[in-house]
Structure formats: C-alpha cells, structure tokens
Amino acid sequence: MGVKNKFGFFFNSKKTIVLWIAIHFFLVALPLYFSPIKINTSLFSVLPAADELQQVQEAEQIFSSKTSQGFYILIGHAELDSALFFAESLYNALQTDSLQASFNLYIDSSATRDLEKFFYTYRYVLQDEYTRNLLLNENINEIQERALQSVYGSFSIVSLEHLSEDPFLLGGNYLKSYINSPWLSGNSFAPQKGVLVATYQNEHYIMLRGMLSKNTSGIAVEDHFLERLFSIYDQKKQNNPEMKIVFSGVPFHSFESSKNAQKEVSLITIISLLLIILLFILIFKSPFPLFIICSYIFVAFLVAFSITLFFFKEVHLLTFVFGTSIIGVCIDYASHFFIDWKGSKENKSSLNVRSNILKSISIGFLTTQAGYAAIMLTPFPLLRQMALFTFVGLASSFLSIVLIFPHFPLPPVNKRKLPLAIADFFISIYRNIFSWKKSIKIAFFFIIIVFVGIGFYQLKLGNDIRSLYTMSESLMQSEITASKLLNMGSSGYFYIVSGSSEEEVHQKEEAFTKRLDSLKNQDTSFSYISSSLIVPSIKKQNETYQAIGKTILPSIKKQLELLNLNPEDSSIIKSYQLASEEHLTVHSDIPSTLDELLQSFWIGKINDRYYSVIIPFHAPSKSVLKEIAQNNPSVFFVDKMHSVGEALTKLSHIALGLIALIYVLVFLLLSYIYNLKASFKIIMTPVSACILSTATLGILNVPFNFFAIVGLILTLSIGIDYALFFKERYKTIRNTMLGVLLCFITTVLSFGFLSLSSFAPVSTFGLSVFFGILYSFLLSPFNGQIGRSHE
Amino acid sequence: MTKKSVILLFLFLSISELWASSVMQYPLQQAEKASFEKKIVEWIKKPVIRGQFKQTKSIPKLNRNFISNGTFLIASDKGLILNVQKPFISTMIITREMIIQKNASGKKETLKAKDTPSFIHFSEMMISLFSKKPENLYTHFSVFFNMNNQSWDLGLVPKDPSVRSVILSIELSGENDFPHKMILNNADGSKTQYDFFDAAFFSSLNSEETGLFDGR
C-alpha cells in the first residue's frame with residue numbers, strides 16, 4: 001500500500017475523529033492550564049504608539065491607566081446639610097465595595113499641619129521660585145521684609161512657632177506658594193464641614209473622590225460596584241427628588257458604554273440567532289445541521305480563545321468582536337457541506353460530500369488564512385491578536401469539516417430535498433442580466449462608476465477617536481457640570497520626560513519647564529504640574545541650599561535682634577550644616593496630600609529608564625505646546641486622542657497594504673490552479689465588493705476608519721469563498737446558489753445587524769460587512785456558469 | 001501619685017480654669033438668640049467703621065509677644081482693611097472676592113476667590129463677624145454668648161474641621177457697642193489679640209478706600 005493510499009485510508013477512517021479530539025484537547029486544555037483567563041477592555045493599552053512616541057509607549061500607558069482609574073461623584077442639594085447627609089450615606093454604603101474601589105469624602109484635618117511640618121523640615125532645599133530668585137540675587141532686604149510682615153502684619157498662614165530657629169520664615173514660603181498654586185486652586189471646591197464643597201447654580205456640591213482598584217474591571221460585569229452605586233442612588237433619589245448627582249471620570253464611561261454594548265449585542269445576537277434557527281429549520285427541515293454548526297462554532301471559538309490567551313497572556317475585547325468573523329466563515333463551510341449533504345442524491349456517504357466541497361473550501365481556506373497569517377507578522381499587538389484568533393478559529397473549523405463532518409450519517413435518499421425555488425428565482429435574475437444588450441450593460445457599468453466616484457469623493461477618511469464614542473445625554477450633562485465645578489482646564493495633552501536616572505529626569509523637567517514658565521508669563525491663566533515642582537533635582541536643591549548659606553546665614557543674628565529674640569545663631573547654623581546631606585527625593589516621607597499628587601505624574605523606572613509626566617492646564621494651543629517640545633530628545637508631547645487616531649490610521653494602512661500584497665499572492669496561487677482570466681474574476685469579486693462597499697459608506701456619510709477597514713478584511717475573506725463556490729460548484733448551480741444565499745443571509749443576520757448598534761465602532765464595522773457581503777453575494781455568480789448554461 | 005499623673009492633673013486643672021473663665025461655657029440658647037442678634041446688629045451703627053487697633057501675637061513656645069499698631073476700616077457690605085503702621089508698615093484687605101497683602105514698598109500679593117476657594121472661606125468667615133447678618137455667623141460657627149449688664153463676650157468655634165486645624169476659636173468682647181477686643185486662638189497654641197479703640201461710624205467710604213476694596 002502506497003503512502004498516498006495509506007493516507008487516504010486514514011483520512012477516510014474514523015481515526016480522524018480521534019485525531020480531531022487529540023488536536024483540540026491539546027489546543028484547548030494545555031493553554032488554559034498554563035494561562036489564567038484575562039480579558040483586556042482598554043482600547044489604549046493595545047494600540048500602537050505613534051512613531052514619535054515609540055520610546056515612551058510603556059510610560060504613557062502606565063500614566064493613562066493611572067488617570068483612567070480615578071473618578072468623582074459630586075452630590076448636590078440647595079441645602080448644604082442635606083447634600084452632606086446624602087454624601088455621607090452614599091459614602092457609608094459604598095464602604096462595602098472597598099475591594100473594588102477606594103473612596104474619599106472627608107478632608108484630613110491634619111493635612112495643613114503635616115504640610116507645614118514638611119515644608120519646614122525641607123526649608124533649606126525646597127523654596128518657591130520667587131524666593132529662590134530673591135536668594136540667588138542675594139536680595140536679603142525683601143526676604144527680611146516678608147518675614148517681618150508675617151510676624152507683625154495681620155493674619156498670616158505661616159506659623160510663628162519656629163521663628164527662633166527660622167527667623168526668615170523660610171519654611172512658610174513654599175506653603176504660601178502651594179496654597180496659591182493651580183494644584184489647589186484648579187477647582188472651585190473648598191473645605192467646609194470637613195468635606196470639599198463648591199456652589200454652582202445655587203446648589204452646594206460635595207465631592208466624593210474615588211479610585212478603582214487595579215483588579216476592578218472597567219466594563220460592566222456582574223456585581224460591579226458602579227451597578228450598586230447606581231441602585232443606591234436611585235433609592236436615595238426616590239426619597240430626595242431634589243438631590244442632584246454628578247458622575248465624572250473614565251470608569252463611568254467604560255461602564256456605561258460596555259453595558260449598552262452588552263445589552264445591544266445580546267439583543268442583536270438573540271434576534272439573529274432566532275432568525276438563523278428559523279432559516280435552517282426551513283431549509284434543512286431538521287435541527288441536526290443547526291446543532292452541529294452551533295457546536296463546531298463554539299469549539300472553534302474556544303480553541304481560538306485559548307491559543308490567543310496562551311500567546312498574548314490576555315485577550316482583548318475587540319478581538320472577540322472582530323473574531324466573530326469565525327462565525328461567518330464557519331457557517332459558510334458548514335452550509336456548503338449540509339447543502340450537499342441534504343441536496344445531492346448521488347452521495348453514498350458524507351465522505352462524498354467532503355470530496356465535493358473540499359477543493360472550493362480548501363482554496364477559500366488557504367486564501368483567507370494567508371491573509372490572516374500575513375497580518376500576524378505585523379508588529380501591532382491588536383492586529384496580531386485578532387489575526388491569530390481568527391486564524392486558529394478558522395483552522396479548527398476547517399479541521400472539523402474535514403475530519404469530523406464526513407462521519408455524519410447521510411439522510412435517507414427520499415429525504416434529500418432542498419427548497420430550491422428561491423435559488424431558481426435568483427438564477428433567473430442572473431440569466432436575465434446575462435441576456436442584457438451590450439448598451440444596457442455599458443450604461444449600467446457607467447452608473448456603477450459614477451456611484452463609486454461620488455462615494456469616494458464623499459468618503460471621510462481618518463480615525464477621529466472622539467467620533468467613536470457618543471456619551472449618553474445624562475452622562476454628558478454630568479460631565480458638563482463637573483467640568484464647570486472641577487475646572488481643571490486639562491486639555492488632554494501632556495509631556496513625558498525621560499532620563500537615565502531620577503535626577504536626570506528632574507533636571508530635564510526643570511530645564512524644559514523654563515520654557516513653559518515663559519509661556520506662563522505671557523498667559524497668566526496657563527499653568528502646569530510637574531514632579532520637580534514638589535521634588536526639585538538634587539542640583540537645584542543644592543543651589544537653594546548654597547544660596548541660603550550665602551544670603552541668609554550672615555543676616556541671621558541681625559534678624560534675631562530685630563525680632564527681639566535670643567541673638568544666638570549657632571543652633572541655626574548647626575541645623576543648616578546638618579541639612580547639607582538631607583535631600584528631598586520621590587522616596588522621602590512626603591505628606592499624603594502632596595504624595596498622592598506626586599505619584600499621579602511620577603511614573604518611575606521602566607526597564608532601565610525613568611519617566612515623569614508634565615501636565616499643562618488652560619493650554620493656549622496645541623501647536624504651541626507641541627512646538628516647545630520639538631527637537632528635545634528627552635521630552636515627548638502627547639496628544640492622546642490624536643495619537644490614538646494616528647495609530648489606528650497607521651494600523652488601517654498597514655492592514656490594507658498587507659491585504660493588497662496577500663491578494664497578489666492569492667492571485668498567483670489561483671492562476672496556478674485556474675487560468676489568468678478566471679483567477680482575475682475570482683479575485684475581482686471580493687475586491688469589487690470592497691470598492692462598492694467603501695463607496696456606499698462614503699455616500700451614507702459613514703466615516704471610513706479602522707473599523708470599516710476591518711469589515712472589508714472580513715468581506716475579502718468571505719467574498720472570495722462565494723466566488724470560489726460558484727467557480728467550483730457550477731455543476732450543481734441551484735445547490736450552490738442556495739448555499740451561498742444561506743451563507744449570505746446568515747452573515748447579514750450575524751454581522752449586518754451590528755450596524756444597528758449605537759456604539760459607533762460596532763455600527764461602522766456592521767455596515768461595512770453588510771455592504772461588503774451584499775455586493776460579494778451579488779457579484780459572485782459572475783464567476784459561475786449561469787450565463788453559459790443559459791446560452 | 002507618679003510625676004506623670006501630677007503633670008496631667010496640673011494640666012487638667014489649668015485647662016478647666018481657662019474654660020471656666022471663658023465664654024465657651026455659654027453656648028447660645030434659643031431663648032437668647034433675639035437679644036444676641038440685636039447686640040450683633042447694634043455694633044454696626046453705620047455702614048463704615050474706622051478706628052485703631054493694637055495687635056498682640058503671643059507665641060507660647062517662644063515666650064514672646066509681637067506687638068503692632070495700626071488702623072482698621074470695616075465696610076459692612078465690602079470687607080475689612082487692617083493697616084499696620086508700627087513697627088513695620090503692611091496692609092491687609094479682606095473682601096469676598098480677594099485677600100490682598102501690601103508691604104511698605106507697595107508690593108501686592110493677591111489671592112482671588114475664584115483661584116483659591118479655601119481662602120475665600122476664611123475671608124467670608126471674617127466678614128461675617130461684621131456683616132450685620134447673624135445668620136452668616138451661624139453658618140460658619142458654633143456660637144457661645146454671655147452678657148453681663150452692659151458687657152458681653154462672644155465665642156465662635158469654626159464648624160469646619162479644616163479651619164479648626166488653623167484657628168481653634170475666636171473670642172470677642174465688648175461693653176456697650178463695638179467690640180473692644182478680639183482674640184484668635186490658633187491651633188499651634190499661639191494667640192492673636194486685637195484691641196480696638198477709637199471706633200467711629202461713617203456713612204460712606206472715600207474714593208481711596210473704595211479703590212482699595214476694588215483691588216486697585
């Protein structure tokens with residue numbers, strides 16, 4: 001027995017079932033055993049960085065995840081006491097959720113004293129810019145005058161208890177500047193009754209600050225604390241209809257959008273599943289094909305999930321969304337199997353069915369897989385993950401068709417009957433088209449050309465991330481009120497500073513912020529926060545220390561005399577000398593209010609580099625901010641929204657370029673199997689469908705973005721299958737038409753319905769697939785022999 | 001009795017004595033509210049009060065008092081100006097919108113309400129003392145009041161814990177009309193006492209004073 005026969009014997013035997021089980025067990029169980037299940041829901045974390053941000057991508061992601069975990073709940077009422085009562089009851093109710101998030105309602109009343117103590121301790125190295133300039137310019141008169149004003153003038157925020165050790169009140173300078181800085185003054189909230197209160201439109205708002213814990217899911221999952229928060233709020237609101245509440249922060253948006261998406265997708269899935277069930281029952285008059293299809297799709301998804309998890313250590317939510325193309329292709333393969341299984345009286349067993357469809361699905365499978373394999377080679381995690389997921393899922397479904405399906409018993413010959421009337425209807429339409437006069441064909445062709453022209457002219461290219469998410473009216477109102485109350489003036493732009501050591505980062509920050517300071521002088525509303533404002537570089541601390549030694553120490557005796565204090569200056573000189581080695585670092589014992597602030601923009605060490613963030617407020621314009629950082633190799637300007645959009649556009653270009661390259665290869669492959677003309681026609685079916693789909697999106701004013709392009713990739717995978725089915729199965733044209741029609745309807749039911757989603761990316765993807773598949777379906781019969789048999 | 005217990009007992013007795021002699025043992029009763037409010041309104045006979053003050057800052061840790069003298073100006077609808085003349089010139093202007101500090105050379109430091117709401121809370125509190133509106137006092141303070149013939153004492157404890165972390169309490173006392181003394185008890189143990197004298201009442205501000213209140 002030859003090798004080929006041996007293989008053929010094995011291929012036809014039931015041993016293939018064992019092989020299928022072994023492969024699937026290996027592909028599912030082992031990865032799941034080694035990789036704990038983790039689903040990533042953050043869009044930012046998987047997108048590639050724009051070119052100029054490659055070096056700081058990780059630092060930028062850490063900063064983004066820090067900022068996306070914080071949130072505010074503002075509780076408002078015309079009566080402050082009522083607002084406080086409600087805020088306290090909400091705060092107490094939320095304490096049970098301390099594992100999911102931490103909450104802060106009350107102000108630490110010792111905070112001012114702690115800050116005072118801290119600034120006093122580090123007075124020889126930490127001075128505000130104004131005082132530093134006085135010290136560096138040896139302007140002892142003004143320093144002296146300011147101290148005397150605090151001592152003899154009316155109300156002063158600087159405590160005088162250390163006056164004998166600090167006669168120039170150096171410890172109070174930074175406190176004054178801190179209180180008058182944007183860090184505190186960025187919003188309208190002020191301490192009152194132990195909490196932070198602001199008044200807006202005759203309502204008192206109390207601030208409840210929150211931070212999601214690292215393990216808390218951003219999306220709506222069972223027992224999510226935001227679910228409980230909303231239900232507590234609803235209860236309270238019933239009893240206090242005058243109560244107002246404002247939610248602000250990324251967690252609310254993630255929760256709301258994911259909850260809406262879940263609701264919509266569930267509804268769409270249920271409706272489309274019911275319609276698919278009805279369709280299969282009508283066509284096959286048996287639940288068996290439907291049961292088999294559902295089971296094998298489930299297995300394909302499971303394998304795709306476990307392998308992706310194994311290689312990427314997590315699966316992104318978008319991978320699931322786009323990985324649903326597995327469903328579309330799986331249904332295609334299985335539909336063609338069952339159409340032949342149910343419709344062909346010549347088959348002796350299901351092995352014959354496999355033989356009949358093997359060539360068309362194998363070519364379809366190989367061309368699709370070639371595309372996904374190429375995408376897997378790109379350096380972009382999200383694209384690679386999606387490609388791997390789909391690649392593995394399709395491989396599993398192909399194996400199921402080849403190894404398992406041929407062992408299904410055939411229905412009795414008398415029951416092998418299909419409702420072909422609908423197929424005949426479509427065939428007659430195409431035969432009509434084939435019989436059109438040449439002039440009509442040319443006119444029709446021109447109409448299509450004009451349609452495509454208009455569509456492409458109107459096409460809105462690009463990825464504006466702002467257009468991808470539309471928040472609900474209530475959440476938008478909440479954010480508007482919050483922005484008025486919080487008034488941080490943050491534009492979403494920031495800088496990342498990198499250096500080889502903590503000290504280098506601080507020094508580079510200080511050098512860079514000198515440029516921001518000159519901007520500040522031109523525009524008084526502009527300000528910024530950087531870690532070096534709290535922890536200056538050691539170099540700067542040493543300069544301050546030296547300047548104090550030079551300017552202050554010689555005048556201490558005189559100042560003590562002027563204050564009528566013991567003119568013994570030796571203890572002050574001693575404390576100054578002792579402080580020579582005491583530097584402030586990010587690891588020093590810093591009061592919690594200041595440390596929380598510092599930690600929010602100090603990124604720290606990543607691999608061998610150190611990073612920090614500078615946040616500008618009330619920025620004059622993006623171009624000005626961007627220009628300042630230009631040609632500075634250590635400072636990176638980040639416009640998150642723009643860079644995400646750019647990254648998606650880049651991803652789209654690469655995906656399109658790759659697909660074009662793959663289709664050249666597929667064309668070469670097909671031309672090896674068929675002749676050049678036939679290969680060109682096959683290729684042109686999905687390509688034309690994509691062109692027409694793109695034009696339609698242009699005419700409908702739907703943005704042509706990354707999600708539309710992913711829809712086109714799916715169109716190419718499925719469209720080429722349709723073309724191949726018509727090319728290969730022309731002998732059973734009625735069955736083929738019914739099979740492709742079944743595939744088309746199920747794909748439209750599964751994906752086309754997504755276009756009804758209110759979530760822009762899903763809707764764009766759905767529309768792109770819907771039109772792509774529609775045009776593929778309409779064009780694919782031109783590959784077959786409908787016209788020829790008519791002739 | 002150990003040494004520690006003796007010190008504690010001594011401390012307790014000293015504090016009790018202080019408290020016993022203080023207005024703080026007379027929380028304002030509902031029945032007294034009307035006479036108290038009448039007294040508060042009586043202080044401000046006319047919208048503008050000009051007078052002199054002596055300020056004594058006592059720092060127990062240093063065992064030192066820092067004394068200064070100057071003039072004050074209260075405009076019940078605008079705010080308060082404290083003009084220190086001796087030993088060093090400085091001016092503080094407190095309004096609802098801003099707090100301005102000026103030194104001898106005219107150099108100004110301004111805190112604006114919209115920029116630093118925490119400070120404005122303090123200025124509102126101070127202005128409420130002279131606003132002719134007792135309800136403003138109830139908003140910011142727990143009120144203690146004691147009247148004995150013509151003399152009276154008023155104790156105010158800030159309701160806000162964050163304010164209390166800086167100022168523990170304010171005590172005012174007077175005999176007939178305008179208070180002659182105000183003491184700010186600070187959280188760090190220090191005290192600032194204002195002795196007011198030569199208070200005179202006027203109907204309006206002059207243009208220079210209006211300019212100061214407007215931040216000019």
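Residues are numbered from 1 along each chain as its sequence is written, while chains are lettered from A and ligands numbered from 1 in the order in which they are written. Because the model is predicted, local features need pLDDT of at least 70 and side-chain atom pairs count only at pLDDT 80 or more, whereas totals for chains, interfaces and linings use all residues.

The model scores ipTM 0.83 and pTM 0.72. Helices (H or I, at least four residues) and strands (E, at least two) are DSSP runs, numbered from the N terminus. Over residues 1–21 of chain B, pLDDT stays under 50, and the model has 4 contacts beyond four places in sequence for this stretch. Where pLDDT is low, the predicted coordinates should not be read in detail.

Chain A contains 32 helices and 13 strands. Its C-alpha trace spans about 115 × 60 × 60 Å along the principal axes. Of the 791 residues in chain A, 45% are buried. A residue is buried if 20 or more other C-beta atoms lie within 10 Å of its own, exposed if 12 or fewer, and partly exposed in between, with C-beta atoms placed from the backbone. Two residues are in contact if their C-beta atoms, placed from the backbone, lie within 7 Å. Among contacts in chain A between residues at least 6 apart in sequence, 80% join residues at least 24 apart.

The domain assignment, which is automatic or taken from a database, gives domain 1 (285–418) and domain 2 (421–458 + 674–791) of chain A. The C-alpha centres of these two domains lie 21 Å apart. Contacts between them involve 23 residues of domain 1 and 22 residues of domain 2. On the domain 1 side, α13 (317–323), α14 (325–343) and α15 (350–376) of chain A each supply at least two residues. The largest share of that side, 11 residues, comes from α14(A). By class, the domain 1 side divides into 8 nonpolar, 12 polar and 3 charged residues. Here Ala, Val, Leu, Ile, Met, Phe, Trp, Tyr, Cys and Pro count as nonpolar, Asp, Glu, Lys and Arg as charged, and the others, Gly among them, as polar.

A nonpolar core is a set of buried Ala, Val, Leu, Ile, Met, Phe, Trp, Tyr and Cys residues joined through C-beta atoms within 7 Å. The largest such core has 116 residues, and those with the most contacts inside it include A:Ala300, A:Phe337 and A:Val740. Helix α29 (residues 706–728) of chain A gives the most to this core, with 16 residues. At least three residues of the core come from each of domain 1 and domain 2 of chain A. Leaving aside neighbours within four places in sequence, A:Phe337 is in contact with A:Val353, A:Ile357, A:Ile401 and A:Phe405. Apart from this core lies another, of 54 residues, among them A:Leu134, A:Ala147, A:Val158 and A:Leu175.

Strand β7 (residues 244–248) of chain A is largely enclosed by the rest of the structure, because 5 of its 5 residues are buried. On one side of β7(A) are A:Lys244, A:Val246 and A:Ser248, and on the other A:Ile245 and A:Phe247, so that both faces are covered. Strand β2 (residues 70–77) of chain A runs antiparallel to β7(A) and is joined to it by 5 bridges; pairing requires that DSSP find at least two bridges. A:Gly76 has A:Lys244 as its bridge partner in β7(A).

Between the chains, 30 residues of chain A are in contact with 32 residues of chain B. On the chain A side, two or more residues come from each of α5 (111–121), α7 (140–152), α9 (182–185) and β4 (190–192). The most, 5 residues, are given by α7(A). This side has 13 nonpolar, 13 polar and 4 charged residues.

In chain B, B:His180 is found in the loop between β9 (167–174) and β10 (181–186). B:His180 counts as partly exposed, with 18 C-beta neighbours inside 10 Å. The peptide bond from B:Lys86 to B:Pro87 is cis, with omega near 0°.

Key:
pLDDT = per-residue confidence, 0-100.
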